[in-house]
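Please open the model in your viewer and keep the sequence panel beside it.

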Number of protein chains: 2
Amino acid sequence: MADRLALFTGGGFADSHAKTAHGILRYGPREVVCVVDAIQAGRAASDVIPYARRPVPIVAGVADARALGANVLVIGVAPFGGALTDEWRAALLEAIAAGMDVEAGLHTVLAEDPELSQAAARAGVRLRDLRAAPPDLSVPTGDRPDVRVVHTVGSDCAIGKMSVTLELDAAARARGLESAFVATGQTGIAITGWGIAVDHVISDFVAGAAARLIEEGAGRAPLLFLEGQGALGHPAYSGVTLGLLHGGQPDAMVLCHRAGSTEIDDYPGTPIPPLPELVATYERAAGWVRPARVAAIALNTRGLDDDAARAAIAAAAEETGLPADDPVRFGGETLLAAVV
Amino acid sequence: MADRLALFTGGGFADSHAKTAHGILRYGPREVVCVVDAIQAGRAASDVIPYARRPVPIVAGVADARALGANVLVIGVAPFGGALTDEWRAALLEAIAAGMDVEAGLHTVLAEDPELSQAAARAGVRLRDLRAAPPDLSVPTGDRPDVRVVHTVGSDCAIGKMSVTLELDAAARARGLESAFVATGQTGIAITGWGIAVDHVISDFVAGAAARLIEEGAGRAPLLFLEGQGALGHPAYSGVTLGLLHGGQPDAMVLCHRAGSTEIDDYPGTPIPPLPELVATYERAAGWVRPARVAAIALNTRGLDDDAARAAIAAAAEETGLPADDPVRFGGETLLAAVV
């Protein structure tokens with residue numbers, strides 16, 4: 001039976017912490033039956049969050065979602081600390097008892113919770129922990145399937161690499177290309193329904209996890225858009241970035257940057273170099289294992305008006321000699337043309 | 001009570017898989033009372049393995065070790081797959097019952113083994129799992145203690161970075177400098193008694209683990225020799241290498257290379273670039289977060305005769321313009337002078 005999702009946001013649908021729900025609505029290919037949110041109940045999702053695009057109904061409780069035919073309850077909000085609250089627990093137990101699977105990317109592993117796992121066993125439903133890594137991960141074999149891999153890399157964390165990757169995939173499919181988005185983080189996995197959160201695997205196996213994802217992606221489409229993580233110049237996460245780059249072995253990269261940023265957000269004082277230097281850095285680092293070029297610049301222009309956004313994009317193109325755009329704002333077609 | 005070690009090698013003391021026992025004998029500061037190895041019993045350790053240097057007795061069983069005053073049984077051999085055998089289990093239980101701590105870097109976590117952990121609780125001894133990561137690891141804080149950090153980096157895995165690091169530390173202490181070896185892998189931890197196996201932590205926390213080690217090292221000495229892992233050009237482990245480099249924030253690097261190697265051992269076809277290019281690569285990668293220079297070349301000349309070794313070292317020095325030596329073969333003084 002195909003997934004029919006109800007997105008549970010615990011009263012926080014209007015908040016930015018519900019980014020998983022917003023992302024699933026904007027980008028997810030799976031059917032979304034409704035949002036479950038007692039505070040926004042009665043409205044349509046896209047009326048509350050225009051970015052979400054889909055006008056699905058917001059209902060007050062799990063019973064309403066079940067009545068609409070939902071068969072999977074997705075936790076669509078990332079609470080601070082990532083743990084499960086008592087209020088949410090009650091909703092999850094209600095969904096389980098009603099025969100729904102539950103999907104989550106929390107730090108709390110649902111399947112390790114005795115109450116939830118016993119309830120799920122009784123009801124014959126699945127608890128889907130998106131962050132759990134496959135138990136048999138290892139290093140890359142060295143073989144790479146014959147697919148085209150486009151990988152988003154960036155100047156910092158949390159600048160929209162996932163959204164750029166999803167926009168590229170959407171633009172490719174809109175042009176009739178067979179493509180797939182390859183998720184490497186929990187929100188991407190929640191959106192697309194498969195993937196590995198590479199930042200939560202043992203460090204020896206990051207490249208192996210990326211290689212595994214490319215193998216799995218090759219069974220889905222000949223054109224893969226591999227979501228990037230972190231940045232090579234990020235003092236905490238650079239190792240994840242490099243392992244993912246070397247394991248994913250891209251054919252082309254798209255460099256993501258937030259317009260105007262000059263230092264790493266989490267580590268003030270650590271500079272972000274100019275775009276041409278970043279391009280050279282990523283090309284060199286890829287080349288240590290397998291050569292790849294940066295084919296385009298994706299600029300996050302949030303906070304700028306349209307004129308300022310277009311000027312920033314033109315400046316990035318001029319500075320690097322590469323096609324540039326903000327695909328979340330203006331669509332992914334320009335960047336897509338540069339990478340396929 | 002100070003550790004008085006018995007090194008258990010399960011009949012394999014003469015084999016290269018007993019490298020943890022050999023390394024502890026050659027480099028470890030802790031007292032070694034004896035080796036426990038039924039096959040080599042009756043001989044002296046350095047008669048079987050000259051590299052091991054110390055002429056400690058090899059005894060047949062745990063009871064003999066206990067009679068010599070040993071209070072810690074160290075598993076000194078890395079079996080293929082890293083699991084515990086039934087024969088070894090009997091020896092460990094005998095040691096525990098005799099009141100000895102047991103120390104190991106196996107994949108099998110001793111403390112999670114019901115039989116061993118119950119026996120240890122009864123006997124009031126500790127099971128020391130060297131591979132276990134601290135439970136509260138996180139990302140680096142961004143602060144760095146005021147110490148000098150010298151970090152070994154390399155062209156590949158398993159080329160002797162740990163030995164080079166230990167030789168540098170030994171040469172520094174021989175010169176009367178206050179220094180400490182900072183272990184980042186299980187064998188180094190077994191040798192020195194502390195450290196974190198950074199290749200076994202969650203990938204998001206590699207840099208945080210390295211930063212934690214520098215903080216801990218700063219409490220031990222003002223000059224730290226930080227053991228490297230992997231290589232920036234290694235298709236499987238490059239992420240570990242970069243995370244360690246950025247978290248460790250070295251002041252100087254020593255580039256380790258095996259004379260004559262031109263491709264990654266585990267991934268034939270992945271080239272090792274010439275030494276000057278490797279020097280530039282590591283300096284650039286360090287500089288993404290904090291600038292550091294490669295100050296010297298450590299060449300592994302095993303398999304060459306003395307004349308060929310000296311010629312290879314001279315060629316490496318000529319090629320890079322840096323001091324070069326094989327510190328395991330000729331001592332660490334030359335390289336030490338370049339990094340302090």
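## Starting from one threonine

Begin by selecting Thr187(B) in this predicted model; apart from its neighbours within four places in sequence, Thr187(B) is in contact with Lys19(B), Thr20(B), Gly23(B) and Met162(B). Show the secondary structure around this selection, and Thr187(B) will be found in helix α7 of chain B, which covers residues 186-192. Is Thr187(B) buried or exposed? The residue counts as buried, because 24 C-beta neighbours lie inside 10 Å of Thr187(B), where the cut-off for that class is 20 or more.

Next, select strand β2 of chain B, residues 31-36, which is mostly covered, with five of its six residues buried. On one pairing, β2(B) runs parallel to strand β1 (residues 4-8) of chain B, and five bridges join them; within this pair, Leu7(B) stands opposite Val35(B) of β2(B).

## The six-stranded sheet of chain B

Now move to the open sheet of six strands in chain B, whose order is β8-β9-β7-β10-β11-β12 and whose pairing is parallel. Which strands stand at the edges? They are β8 (179-182) and β12 (324-325) of chain B, and since each has a single partner strand, one side of each is left without a neighbour in the sheet. Inside that order, select strand β10 (residues 252-258) and strand β11 (residues 293-300) of chain B, which pair in the parallel sense over seven bridges; Met253(B) has Val294(B) in β11(B) as its bridge partner.

Turning to the helices, display α8 (residues 206-218) of chain B, which packs on the sheet and touches β7 (148-154), β8 and β9 (223-226) of chain B, its direction making about 155° with that of β8(B). Helix α11 (residues 306-320) of chain B, in turn, lies across β11 and β12 of chain B and runs at about 160° to β11(B).

## Two domains in chain A

Switch to chain A and colour it by its domain assignment, which gives domain 1 as 4-129 and domain 2 as 148-339. The centres of these two domains of chain A, taken over C-alpha atoms, are separated by 28 Å. Where they touch, 10 residues of domain 1 of chain A are in contact with eight residues of domain 2 of chain A. On the domain 1 side, helix α1 (residues 19-27) of chain A supplies the largest share, five residues, and the residues of that side divide into three nonpolar, four polar and three charged.

## Where the two chains meet

Finally, show both chains together and select the contact between them, which takes 28 residues from chain A and 28 residues from chain B. On the side of chain A, the elements that give two or more residues are α8 (206-218) and α9 (238-248) of chain A, and α9(A) gives the most, with six residues. Coloured by residue class, this side of chain A divides into 16 nonpolar, 10 polar and two charged residues.

Definitions and conventions: Residues numbered from 1 in each chain as written. Chains lettered and ligands numbered in written order. Predicted model: local features only at pLDDT ≥ 70, side-chain atom pairs only at ≥ 80, totals over all residues. Contact = placed C-beta atoms within 7 Å. Helix = DSSP H or I, 4+ residues; strand = E, 2+ residues; numbered from the N terminus. Nonpolar A, V, L, I, M, F, W, Y, C, P; charged D, E, K, R; others polar. Domains from an automatic or database assignment. Buried ≥ 20, exposed ≤ 12 C-beta atoms within 10 Å, placed from the backbone. Pairing = 2+ DSSP bridges. Axes fitted to C-alpha atoms, helices over the stretch in contact; angles between N-to-C directions.
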